[in-house]
Amino acid sequence: MAAVGRAALVLALLTTLFGIGASLYGARRSRREWVDAGRRSVYALFAILSVAFVILEVAFVVNDFAFNTVAGNSSLTTPLLYRVAAMWGSQEGSLLLWVWLLSAWSSLAVFLTRNRLREIVPYAVSVQLGFGAFFTMLLVFFASPFSLTSPAPVNGAGLDPLLRNPSMMIHPPMLYSGYTFFTIPFAFAVGALITRRVDAEWIAVTRRFALASWLFLGVGILLGARWAYYEIGWGGYWGWDAVENAALMPWLLSTAFLHSIMIQEKRGMLKIWNASLVLAASTMAIVGTFLVRSGVLNSIHAFGASTLGVPFVILIAVMVAGSIYLVISRRDVLRSEHQLDSLFSREAAFMLNNMLLVGLTFVIFWGTFFPLISGALTGTESEVGAPWFNRYTVPLALVLVLLAGIGPVIPWRRASLANARRNFATPIVASAAMLLAAFTIVPISSSPSTIVLFCAAVFVFASVGQEFVRGWRVRRATSADSRSVAALSMIRRNRRRYGGYIVHVGIAVLFIGVAASATFQRSHYVELRPGRSDVVAGFKMTEQRPTAAIVTDPTSTGALLTLGAVIRVSRAGHYVGTLHPTAQFFADPSGAEGPVGSLLGGTSVSELSLDSSLRRDLSAALDAPSLQARLQSEINRANALVNADKAGAQSRLDLSYVLLAAIVHGYLRHTPEAQFKLTSSPLVLWLWLGALVVFAGGLVAIWPSGATRRVRARYFARVAQELGRA
Amino acid sequence: MLVAVLVAVVVALAFLTWFVGAPLRNPSAGEPAIDSRRRALEAARDAKYQEIRDNELDYRTGKLSDEDFRTIDRQLRAEAVEILRLLDDLR
């Protein structure tokens, strides 16, 4: 089947090249049939890549170790769930997933625009297929997922244990969906600039695609953060890692675009800025992909050094140079139609929001690439850490949260002082009340920025809440709807406005979680054994008993040995909860640790145990390496016993398992001290809930409008009336 | 095995050529061209209607004074009328 897979990739490459040629020829010569053939090439690309995708996926599922990719990233002991996901644990497999998702979303875009943007679509299809050609070329010439080894090994190396998490099933596909979706607004922007059609129809289509890519990438980032939170050693939910930052940058730029495109839509302003933003956001998405693939920066998420860096640099250079050329050469059609009426208007607030978001992106870009910049200037690669990022991003984030509350209550064009007083009174009073409450709970000196953020978040809740209530009253006054129907129909009739407001509330909730957990988190590293306790943030954590599972693998990750502890949590004598932290040990296929040591000498993973509530997360993690070190003398003795056994290989293996069981038995009877990380993090759940609210708002905003022939007819009549008077 | 792979590839190639090349074999079967200028104006008209509604909602929710609302509303309706006139010209 590998030959079929290779042939599919070659066919895919030929299809992209044909599609690019057909689309461009059809567009230049106004030959509709060639344009249609180009569009069909996108659907064909999806079908061909689906064949390649299925072949590789089946190879993983049936353990076909003749495939180098399968042998390098899966094994007989890898559970089925993770064999399915192991495909994107490899460079080649994840590249195939990337281009397959690209072809899927491109097909969707081509289908949705089949009767729209007729001049733009051929160029957009060419750009989309250009991306497809690039990634298919990488798979054909640089990183084939269908390369074979003969004879096939009996077993594979297995999937990295850190990747054996249910998030592995969904986080990479969501993140790649976000990245690949970003190529669609890019393609339509290029098409619009080439054909000089940066009009209302282009805005309507591009905004929807930009919102979809924003949504997908956001969900991907969130799932990654949640995964990191549960895998101890990854530094919490956000570590300012290069690859995390690479996903955040296009998301921030597209957030800016989604705001500023409204100014273009309503006022015909900022056209150059918007074209540049959408092109830059998509280019940053490719930069993110480059960082993961090239190994140019150190990251826990990256695939390590590879030969893919140069092709990616060329692609990024072409995107940047082409974007700059298009924006400059089309500046005549990108001229603003109006000027800013007032500095106190929604346009002005959106412009400030854009400056902050772009500034934030620049700070993150600088910090992420600082190792390369410093290496080029001084010869020594230096990294900036989390404190550096926090120093610059926290003030910007504070103002952004505040703007999320200001934007909804000021009108387009201009706001009067009297109306401003009326609209800002409630949010200001609410934030002042929050400030007073904060003084009574925590000392201001403990973290002024956190308290300011709480006040800004309350400002958002009050201003958005006020908007919902007023909108609902208007709806009630102008319709015969009941209270609940009026609330729903208010949102349904103006999904973009109210979806956006919901996103703002979600952002405020999310930042409350981030600020509280970052400021007030308390962690202890302690040595515990059964019966011993420690106190963290007023919570007494007592190890009650050790736990162990050999071969049975309670977490279904393929771990050969799982050691753990049961920890009782109490406060002031009252029971709060029970935690079950574990350390998973995976076999070392090289056998370098000796016959018994190799059964648990591979990667070890600490699995966090969490008691989560709206007020706080209490967690315990067992340090796997230190525990393994404490068992090392028993392991050495067991190794010596097996080495002394002159029986056959099977007998030695059986003896190794027996001795491992004896070591585990000893661990349960005479449990050594083990190192635990005990943590109390306030309001972390708010972060996840806030993110869910953000995505719910995004869904409301992106949902196709059911509006509203009735409403439209009414407006037709009104405008016709005006026409009659004119 | 090699023969089977070759046959599969040839069949796939034939199907691809048939599917992708269908519009080239029968050019008249393509969808009718839609006037892009009209589509752009219709999109502009819809956006303008939305803007009029937004302005009304801003007024009713207390974000605009009477005078500001009337000025902006008049301006937006004039712009909508101009778009309708351009649409009429295309007919």
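Visitor: How far apart do the C-alpha centres of domain 1 of chain A and domain 2 of chain A lie?
Guide: This is a predicted model, in which local features need pLDDT of at least 70, side-chain atom pairs count only at pLDDT 80 or more, and totals for chains, interfaces and linings use all residues. Residues are numbered from 1 along each chain as its sequence is written, while chains are lettered from A and ligands numbered from 1 in the order in which they are written. The domain bounds come from an automatic or database domain assignment, which gives chain A domain 1 (1–164) and domain 2 (175–339), among others. Between the C-alpha centres of domain 1 of chain A and domain 2 of chain A the distance is 21 Å.

Visitor: Which element gives the largest share of the side of domain 1 of chain A that touches domain 2 of chain A?
Guide: Counting two residues as in contact if their C-beta atoms, placed from the backbone, lie within 7 Å, 24 residues of domain 1 of chain A meet 28 residues of domain 2 of chain A. On the domain 1 side, the elements that give two or more residues are α5 (91–112) and α6 (120–142) of chain A, where helices are DSSP runs (H or I, at least four residues) numbered from the N terminus. The largest share, 10 residues, comes from α6(A).

Visitor: Which residues of α19(A) are buried?
Guide: Helix α19 (residues 632–644) of chain A has 13 residues and spans 18 Å from its first C-alpha to its last, close to the 18 Å expected at 1.5 Å a residue, the expected span being 1.5 Å times one less than the number of residues. A residue is buried if 20 or more other C-beta atoms lie within 10 Å of its own, exposed if 12 or fewer, and partly exposed in between, with C-beta atoms placed from the backbone. What covers the buried residues of α19(A) includes α20 (649–669) of chain A. The buried residues are I635(A), A638(A) and V642(A).

Visitor: How many residues does the contact take from chain B and from chain A?
Guide: On the side of chain B that touches chain A, the elements that give two or more residues are α1 (2–25), α2 (36–60) and α3 (66–90) of chain B. The contact takes 39 residues from chain B and 45 residues from chain A.
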